Amino acid sequence: MTISLPGRYLTPDDLATLLSVPLETVYAWRKKRTGPPGFRVGKHLRYDPQAVHAWIESLMSSGTA
């Protein structure tokens, strides 16, 4: 599977759109610490596209995707 990664950090909305999940799911993953690692820039939450890709790959290799 080839994923085209954007050249910028992702917002929670971007991540929800990329994975076709509700925005609430992205926040639930963060709260449960089960989703891709995110970080804060001031009050803004961001995700590194490469970290998101690595998280997806780990799900696929563990069979939980």
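Colleague: Arg-33: buried or exposed?
Modeller: Arg-33 counts as exposed, because its relative accessibility is 78% (buried is under 20% relative accessible area, exposed over 50%, partly exposed in between, with a 1.4 Å probe and protein chains only). This is a predicted model, in which local features need pLDDT of at least 70 and side-chain atom pairs pLDDT 80 or more, while totals for chains, interfaces and linings use all residues. Residues are numbered from 1 along each chain as its sequence is written, and side-chain values use heavy atoms, without hydrogens or water.

Colleague: Where does Arg-33 lie?
Modeller: Arg-33 sits in the loop between H2 and S1 (helices are DSSP runs of H or I, at least four residues, and strands are E runs of at least two, numbered from the N terminus). Its phi is positive, about 60°, although Arg-33 is not a glycine.

Colleague: What do most residues do there?
Modeller: Most residues other than glycine have a negative phi.

Colleague: And what about the phi of Ser-20?
Modeller: Ser-20 is not a glycine, yet has a positive phi of about 55°. Ser-20 follows H1, in the loop between helix H1 (12-19) and helix H2 (23-32). With a relative accessible area of 66%, Ser-20 is exposed.

Colleague: OK, overall layout. How many helices and strands?
Modeller: The protein has three helices and two strands, in the order α-α-β-β-α along the sequence. It has 65 residues, and 23% of them count as buried.

Colleague: Which residues make up the largest nonpolar core?
Modeller: There are nine: Leu-10, Leu-15, Ala-16, Val-26, Leu-45, Tyr-47, Val-52, Trp-55 and Ile-56 (a core joins buried Ala, Val, Leu, Ile, Met, Phe, Trp, Tyr and Cys through side-chain atoms within 4.5 Å). H1, strand S2 (44-47) and helix H3 (49-62) each supply at least two residues of this core. H3 gives the largest share, three residues.

Colleague: Take Leu-15. What is in contact with it, beyond four places in sequence?
Modeller: Leu-15 is in contact with Val-26, Pro-36, Tyr-47 and Val-52.

Colleague: Which residues of H1 are buried?
Modeller: Pro-12, Leu-15 and Ala-16. They are on the same side of H1, because they cover an arc of only 100° around the axis (taken from the directions from the helix axis to the C-beta atoms). What they pack against is H2, S2 and H3.

Colleague: Switching to charges. How many salt bridges does a search of the whole structure find?
Modeller: One (side-chain nitrogen of Lys or Arg within 4 Å of a carboxyl oxygen of Asp or Glu). Asp-14 pairs with Arg-8, and their closest N and O atoms are 2.6 Å apart. Asp-14 is partly exposed at 21% relative accessibility. Arg-8 is also partly exposed, at 46%.

Colleague: Last one, Arg-40. Where is it found?
Modeller: Arg-40 is in strand S1 (residues 38-41). Its relative accessible area is 49%, so Arg-40 is partly exposed. Apart from neighbours within four places in sequence, Arg-40 is in contact with Arg-30 and Leu-45.

Methods
Contact = heavy atoms within 4.5 Å.
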